[in-house]
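Please look over the sequence and the three-dimensional structure shown here before reading on.

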Amino acid sequence: MTELRHRGTTENDLQHQQSEDKGSENEGKAEKDGASDSESKPDTGPPGVPVPADDTPEVLNKALSGLSSRWKNWWVRGILTLAMISFFFFIIYLGPMVLMLIVLCVQIKCFQEIIHIGYSVYHSYHLPWFRTLSWYFLLCVNYFFYGETVTDYFSNLVQREEPLRILSKYHRLISFAMYLTGFCMFVLSLVKKHYRLQFYMFGWTHVTLLIVVTQSHLIIHNLFEGMIWFIVPISCVICNDIMAYMFGFFFGRTPLIKLSPKKTWEGFIGGFFSTVVFGILLSYVMAGYSFFVCPVEFNSDRNSFEVDCEPSDLFQLQDYALPAALESLTGWPTLRLYPFQIHSISLSAFASLMGPFGGFFASGFKRAFKIKDFANTIPGHGGIMDRFDCQYLMATFVNVYIASFIRGPNPAKVVQQLLALRLDQQLHIFNSLKTHLTERGLLEEEED
């Protein structure tokens, strides 16, 4: 995909394709007369990607008409940022299942924005099925990932419902059959003289799926571990984006990276310290509420998804002894914190130091196609992908962090899996476990 330029193919590729076209023209008039319009059309290079028009609301344009473009952009971004944060609070209030649906909607919109750029390159050739196949592959991948998630986290629901149990048993076979159908459709859609471009776009679709769908699936995994693992990382990225912009706007003098000329070292450093402090404070507030810290579970008795548990030690206040230097400075021998607050330092540090590289990657991608934003969905901010380029990288880190340092064996999941076995298998496991515990002296040996 990185080989694609603003005109869709490199100059060498165009010259090579044109030479192929000239050679094929000499193969005979009969073959030319039987060729379709798309086959006989020469490759003259696709049109440029259209630049989204400014869709700032008219009321804001009138209210800010007396300001310079720099301050006008500042106010537009600020107002829309407050609106988005308010909407974020609202969907948090609605609960984890609504959050999951919002993540799915964001994923679909991000996919659409990236695919649209490819379609703008591809459309001039009038080749069949590109968008149809792209959306079909999105459906296949989502079916696979969401099926795996439901089976993993809500196995008691799956085992209770007969249709879900059948779908779960053959889930991977069905997923493979769906993908294989799309693969065959792609092969059948290949058009003579345009093979190279079609395979470019086939790769374009799959890289987009890898970047967008796979990482949005990790966001949902983080959410099911407890909403705090979803809200704190996302909020840290938002805080870093805002504070880096503020520090850069008012104090920025030293350019940070050529891919984003407006990014400055002053904004990068100011955003780092602001985000770490913000992460610690936000974690302290949220760790005290079971609504935020408990994993999402399905209650079979009430037939509903619930967030209710006894918080783990990670969300219990503990006393930590301060180093001698800090004790002499503050006068406090100990500091009372939630253990999660210590983990939040790692999350906020990653959001500040490595998260921006997701934005730099997106900036390089947009520069390759000479566009300012992925879309114009949010005035002053661009498209949805412009706002979530850092979030996807952050979601992957959080998922890896949980798997490496937080998650341990889950007795509830083990019991659910045991209950799904046949009775003779359950009895065999019971006897094996009983023998093991007896040998370790945890159970008294019974007489025959």
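The model is predicted: local features need pLDDT of at least 70, side-chain atom pairs count only at pLDDT 80 or more, and totals for chains, interfaces and linings use all residues. Residues are numbered from 1 along each chain as its sequence is written, and side-chain values use heavy atoms, with hydrogens and water left out.

An unreviewed UniProt entry lists several spans under "transmembrane region", among them residues 173-191 and 268-292. UniProt positions follow the numbering used here, feature names are shortened, and annotations may be inferred rather than shown by experiment. Residues 173-191 are 89% helix and 0% strand, with end C-alpha atoms 30 Å apart. For residues 268-292, the end C-alpha atoms also lie 30 Å apart, and the span is 88% helix and 0% strand. Helices (H or I, at least four residues) and strands (E, at least two) are DSSP runs, numbered from the N terminus.

Asn142 belongs to helix α7, which covers residues 130-153. Asn142 counts as buried because its relative accessibility is 11%; buried means under 20% relative accessible area, exposed over 50%, and partly exposed in between (1.4 Å probe, protein chains only). Apart from neighbours within four places in sequence, Asn142 is in contact with Leu104, Gln107, Gly147 and Val213, where contact means heavy atoms within 4.5 Å.

A disulfide is a covalent bond between the sulfur atoms of two cysteines; here the criterion is a pair of cysteine sulfur atoms within 2.5 Å. The structure holds one, formed by Cys294 and Cys309 with their sulfur atoms 2.0 Å apart. This pair links distant parts of the chain, 15 residues apart: Cys294 is in the loop between α14 and β3, and Cys309 in the loop between β4 and β5. Cys294 is buried at 0% relative accessibility, whereas Cys309 is partly exposed at 29%.

Side chains of opposite charge can pair when their charged atoms come close. Seven salt bridges are found in the whole structure, each a side-chain nitrogen of Lys or Arg within 4 Å of a carboxyl oxygen of Asp or Glu. One of them joins Arg387 and Asp241 at 3.1 Å, N to O. That pair links helix α18 (residues 384-406), which holds Arg387, to helix α12 (residues 228-251), which holds Asp241. Another joins Lys366 and Asp386, with the closest N and O atoms 2.7 Å apart. Here Lys366 lies in helix α17 (residues 356-368) and Asp386 in helix α18, 20 residues apart. Both Lys366 and Asp386 are buried.
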